[in-house]
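Here is a short report on one protein model. Please look through the sequence and the coordinates before reading on.

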Amino acid sequence: MCAKKVTIREVAKRAGVSIATVSQILNGKAMNFNPLTVQKVQAARDELGYKADHLARQMVGKQSKTIGILVPEITNSFFSTLVKGIEEELLFSGYISMLWNGGFNGAKEEKALLELAKRGVDGFIIASPSISDEVLKEVLQIKKRPVIVLDQKTFSERSDEVTTDDFNGGLLAARYLKKMGHTKVAVIVPDLATVNIMYRLQGFLVEFPQALQIKTELSKSGGQAVVAELLEQNIEAVFALSDELAFGIYLGMRQKNKSIPNDLSVIGYDDVEMCRYVTPALTTVAQPIYELGKQAADLMIKRLATPTSPYVKRVLPVKLEIRGSVKVKNWSVFKS
């Protein structure tokens, strides 16, 4: 014989509050209530063993408690760390995620976005440069799904956005290379550079306006491919606009029997975990990747709770993590 299912009405009675209060507290709006009330509701839920009927909730309230996440390449350490931050914050508020790995395929990503909208996800967190503004507009205005944009689109004027201070990140890298005495420098730029990556470039060019700019694919193999040109041009130091590019440069240098930083100084960008494990450890501009994901999820939860509130843009700080991949050419900087 099946046990009787506990209802939200019973939870409300046990806690001594209204059904509406229980519903809101258990649906991600606990911040709107007195902590003691929240504690009573949660205790009643646990004592009675109440489990939400998500299918019924979706049919009645038009919410699935599910958020679609779109990234271009989950094998990239940046995006895997980002997704961990998003999922932790969503789970804390009673949401789950549906992850789509786009593989930098714009048509595939756009189809996935529209299909997920049909399947009832409540909103989207998008960290891919391949999605067009037209598709984002359809999702937001026609499909009526909120969108949180990470680092990528000009569309963010019509959506919430979380980003980092990329211009300052490029500036920090340039000033450090200049401080270390480097003058002949290059910057590695992805072929399809997103808005945030272009800000990094602009910050770097403030200190090195004549820096050699080399375009390549945004991948380890792309970084590997530029090594020959760096050596031919007698470049002293290179700023890779992502750690993925920097790791490729490491491999390319090793294949040429050259060493870092003796033959080439390298600075990356992102500070993924692998930066600490390559030899020498990679000096890089560190983004708070995990926090970036958590902030994106927090914005989504708040947007779903208050759909008509003004759009928000959050800019997180970056910092330079100095390790062993930049050679000192100007020892006077260490004199007292």
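## Strand pairing and the open sheet

In this predicted model, strands β9 (residues 265-270) and β10 (residues 283-286) run parallel and pair over 4 bridges. D270 sits opposite A286 of β10.

Both strands belong to an open sheet of 6 strands. Its order is β7-β6-β8-β9-β10-β12, and the pairing is mixed. The edges are β7 (212-216) and β12. Each has a single partner strand, so one side of each is left without a neighbour in the sheet. From one strand to the next, the twist averages 20 degrees.

## Helices on the sheet

Helix α9 (residues 195-207) packs on the sheet. Its contacts there are with β6, β7, β8 and β9. The direction of α9 makes about 165 degrees with that of β6.

Helix α12 packs on the sheet too, touching β6, β7, β8, β9 and β10. Here the angle is about 150 degrees, taken between the directions of α12 and β9.

## The nonpolar cores

In soluble globular proteins, nonpolar side chains tend to be buried together. In this model, the largest nonpolar core has 46 residues. Those with the most contacts inside it are L82, I125, L150, L230, I249 and V266. Several elements give two or more residues to this core, including β1 (66-71), α5 (77-92), β4 (147-150), β6 (185-190) and α12 (243-255). Also on that list are α11 (227-232), β8 (237-240) and α13 (289-305). The largest share, 8 residues, comes from α13.

## V266 and its surroundings

Which residues does V266 touch, not counting residues up to four places away in sequence? The set is V238, A246, I249, Y250, I260, L282, T283, S325 and V326.

## S325, a buried serine

Is S325 buried or exposed? S325 has a relative accessible area of 0%, and because buried means under 20%, this residue counts as buried. Its place is in the segment after β12 (319-321).

Leaving aside neighbours within four places in sequence, S325 is in contact with Y250, I260, P261, L264, S265, V266, P280, A281, L282 and T283. T283 also takes part in a polar approach: its backbone nitrogen lies 2.9 Å from a polar atom of the S325 side chain.

Note on methods:
Residues are numbered from 1 along each chain as its sequence is written. This is a predicted model: local features need pLDDT of at least 70, side-chain atom pairs count only at pLDDT 80 or more; totals for chains, interfaces and linings use all residues. Side-chain values use heavy atoms; hydrogens and water are left out. A nonpolar core is a set of buried Ala, Val, Leu, Ile, Met, Phe, Trp, Tyr and Cys residues joined through side-chain atoms within 4.5 Å. Buried means under 20% relative accessible area, exposed over 50%, partly exposed in between (1.4 Å probe, protein chains only). Contact means heavy atoms within 4.5 Å. A polar contact is a pair of N or O atoms within 3.5 Å; within protein, one must be able to donate a hydrogen and the other to accept it, and residues adjacent in sequence count only if both atoms are side-chain atoms. Two strands pair if DSSP finds at least two bridges between them. Axes are lines fitted to C-alpha atoms, for helices over the stretch in contact, and angles run from 0 to 180 degrees between N-to-C directions.
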